[in-house]
Amino acid sequence: MTTLAAANIVLPPKQGVYHAIPLGVIDGDTFRVGYMVEDTVRIFGIDAPAIIGKTREAGILSRNTLMLLVNNQRLTLDILTREKYGRALAKVYDAGGMSIAESMVLAGQAVPWDGHGPRPSEEIK
């Protein structure tokens, strides 16, 4: 984390609304973006299957769906906080204002999750 003391700016930011360009998708609920800096974003409100272990097949499909949803467009990130791995935990919207979390759930590639309790993504087959 870098702090620009004179302007009291912290990079990457801990919260706020920013426009970003997707740089790469890691899995069905996490991706890399560029805005003021390169950053990793965890989509708030969903859980997608892991790309390893018994959910591997579903995880790959979920990742590919997220790629289609975010590819080649400007996204809006509403960063809520930084989560335990340092990623930005954010509500994410496509260029038309549609929630990426909602789109992933509607596509059957993620399940709603508030981040508390056991991960529900193993329900996705």
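Biologist: Which residues of H1 are buried?

Modeller: Ala 58, Gly 59, Ser 62, Thr 65, Leu 66 and Val 70 are the buried residues of H1. Buried means under 20% relative accessible area, exposed over 50%, and partly exposed in between, with a 1.4 Å probe and protein chains only. Helices (H or I, at least four residues) and strands (E, at least two) are DSSP runs, numbered from the N terminus. This is a predicted model, where local features need pLDDT of at least 70, side-chain atom pairs count only at pLDDT 80 or more, and totals for chains, interfaces and linings use all residues. Residues are numbered from 1 along each chain as its sequence is written, and side-chain values use heavy atoms, with hydrogens and water left out.

Biologist: What do they pack against?

Modeller: Strands E3 (16-27), E4 (30-34), E5 (38-43) and E7, plus helix H2. Contact here means heavy atoms within 4.5 Å.

Biologist: And which exposed residues are on the face turned away?

Modeller: Glu 57 and Leu 68.

Biologist: What happens just after H1?

Modeller: Asn 72 takes a positive phi of about 60 degrees there, although Asn 72 is not a glycine. The residue is in the loop between H1 (56-70) and strand E7 (75-82).

Biologist: Is Asn 72 buried or exposed?

Modeller: Asn 72 counts as exposed, at 71% relative accessibility.

Biologist: Changing topic, how many aromatic pairs are there in the whole structure?

Modeller: The search finds one. Tyr 18 and Tyr 35 form a tilted pair, 5.4 Å centre to centre with 45 degrees between the planes. Rings of Phe, Tyr and Trp (its six-membered ring) pair if their centres lie within 6.5 Å; planes under 30 degrees apart count as stacked, over 60 as edge-to-face and the rest as tilted.

Biologist: Which parts does the pair tie together?

Modeller: Tyr 18 lies in strand E3 and Tyr 35 in the loop between E4 and E5, so the parts tied together are 17 residues apart in sequence. Tyr 35 is buried, with a relative accessible area of 18%.

Biologist: Last one: where does Ser 99 lie?

Modeller: In the loop between strand E8 (88-93) and helix H2 (100-106). Ser 99 counts as buried, at 17% relative accessibility. Leaving aside neighbours within four places in sequence, Ser 99 is in contact with Val 92 and Tyr 93.
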